[in-house]
Amino acid sequence: MTHIDAETLALIALSEMTPDADARGHLIACSECSSELAELTRTAQLGRSTQGLELLQPPDAVWGRIQAELGLGSSAAPDAAATTRDRRAASGAAVAAAAAAPAGAAPAGSAPPAGAPGARPGAGHVAAPAAPASP
């Protein structure tokens, strides 16, 4: 049985595409694809429901406590000039990416966990950049 690809399921869930007769028949017969579509649809609905939310900027004291607990310097403070619109756009992009990813997929650019099928020895570890060569 050929399943509906993840990109097509994501587009259907986002209402960007209407399934044709073959896809509708497959969704009725295939519990795997229909479950995946239901999950993606819930994710898309969740993302849409956040569009009208007003994000609040926590007081500086909160950031100070976070920095102290993590052992970060003051240079790690968030940009106070960031606008609610910018944060909303970033949040919306993250929700859209999550909706388009297959269920259980790792974030883009991440390696499979060590020991996972397809993982390479040492995968998931990033080497420190090499020091520039001296002339």
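A residue is called buried when its relative accessible area is under 20%, exposed when that value is over 50%, and partly exposed in between, as computed with a 1.4 Å probe and with protein chains only. This is a predicted model, in which local features need pLDDT of at least 70 and side-chain atom pairs count only at pLDDT 80 or more, while totals for chains, interfaces and linings use all residues. Residues are numbered from 1 along each chain as its sequence is written, and side-chain values use heavy atoms, with hydrogens and water left out.

**View 1. The protein chain and its helices.** The protein chain holds five helices and zero strands, where helices (H or I, at least four residues) and strands (E, at least two) are DSSP runs numbered from the N terminus. Of the 135 residues in the protein chain, 15% are buried.

View 2. In helix H2, which covers residues 21–29, the buried residues are Ala 23, His 26 and Leu 27. They cover an arc of only 100 degrees around the axis, which puts them on the same side of H2; the arc is that of the directions from the helix axis to the C-beta atoms. On the other side of H2, the residues Ala 21, Ile 28 and Ala 29 are exposed.

**View 3. The length and faces of helix H3.** Helix H3 runs over residues 31–49, and its 19 residues reach 27 Å from the first C-alpha to the last, close to the 27 Å expected at 1.5 Å a residue; the expected span is 1.5 Å times one less than the number of residues. Its buried residues are Cys 33, Glu 36, Leu 37, Leu 40, Ala 44 and Gly 47. Seen down the axis of H3, these buried residues fall within an arc of 100 degrees, so they line one face of the helix. Ser 31, Arg 42 and Leu 46, on the other side of H3, are exposed.

**View 4. The surroundings of Thr 41.** Thr 41 is found in helix H3 and, at 23% relative accessibility, counts as partly exposed. The side chain of Thr 41 reaches the backbone oxygen of Leu 37 at 2.7 Å. Although Thr 41 and Ala 10 are 31 residues apart along the chain, their C-alpha atoms are separated by 7.9 Å.

**View 5. Leu 70 in helix H4.** Leu 70 is found in helix H4, which covers residues 60–70, and it is exposed, with a relative accessible area of 59%.

Methods
Polar contact = N/O pair within 3.5 Å; in protein donor to acceptor, adjacent residues only side chain to side chain.
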